[in-house]
Amino acid sequence: MSGGAYDDYFKEQAATAIVTVKDVDAPAFIKAFAEHLKRQGRFEIPKWADVVKTSKHKELPPLDPDWLYVRTASMVRKIYIRGGTGVGGFRKVYGGQKRRGVCTNVFSKSSGKIARYVLQQLEEMGLVEQDENGGRKITKEGQRELDTVAVQAAATEEDGDDE
């Protein structure tokens, strides 16, 4: 088998392969799932969403008005890939460096209220459930919905590559 034929063989297999969240680029999936959440209308945006800071090391609230949809999409993707993550884990993941002037920077965790609220909303929607070992894990319905959005994201990603 020559190199070109070998590549063609795997391209054919990739075209027929099942697409999951793990197969799609993270930014493409997060953008697609955030739009899906916004269109669906089941995710409730709280009153405090436009004034809250995402962490104590931040100076201002997010500029994007749909930032909570994006954060939710990112969190549900992380739960899909590695279940058992709880509020404390997400506080670490979304934390950052607190700048203290002339002193050295120090790591600061993000807001727990935001992570807790997002996880509670995802539980109400039926996408995640509490894990017996702590944290949250994805449900069968949640996995089905996320994989459906991943297929759509992969299709739009391929359309963007052709242009």
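Tutor: A residue is called buried when its relative accessible area is under 20%, and with that cut-off in hand we can look at this predicted model.

Student: What percentage of the residues in the protein chain is buried?

Tutor: The protein chain has 163 residues, and each is judged against the limit of under 20% relative accessible area. Those that count as buried make up a share of 36%.

Student: Is His36 buried or exposed?

Tutor: His36 lies within helix α2, which covers residues 26-40. Its relative accessibility is 16%, and the cut-off for this class is under 20%. Because of that value of 16%, His36 counts as buried.

Student: Which residues does His36 touch, if those up to four places away in sequence are not counted?

Tutor: Leaving out residues up to four places away in sequence sets aside the neighbours of His36 along the chain.

Student: How many helices and strands does the protein chain have?

Tutor: Reading from the N terminus, the order of the elements is α-α-α-α-β-β-α-β-β-α. The secondary structure therefore comes, with helices and strands taken as DSSP runs, to a total for the protein chain of six helices and four strands.

Student: How far apart are the mean positions of the positive and negative charges?

Tutor: The protein chain carries 26 positive and 25 negative charges, where Lys and Arg count as positive and Asp and Glu as negative.

Notes. Residues are numbered from 1 along each chain as its sequence is written. This is a predicted model: local features need pLDDT of at least 70, side-chain atom pairs count only at pLDDT 80 or more; totals for chains, interfaces and linings use all residues. Side-chain values use heavy atoms; hydrogens and water are left out. Helices (H or I, at least four residues) and strands (E, at least two) are DSSP runs, numbered from the N terminus. Buried means under 20% relative accessible area, exposed over 50%, partly exposed in between (1.4 Å probe, protein chains only). The place of a charge is taken as NZ of Lys, CZ of Arg, CG of Asp or CD of Glu. Contact means heavy atoms within 4.5 Å.
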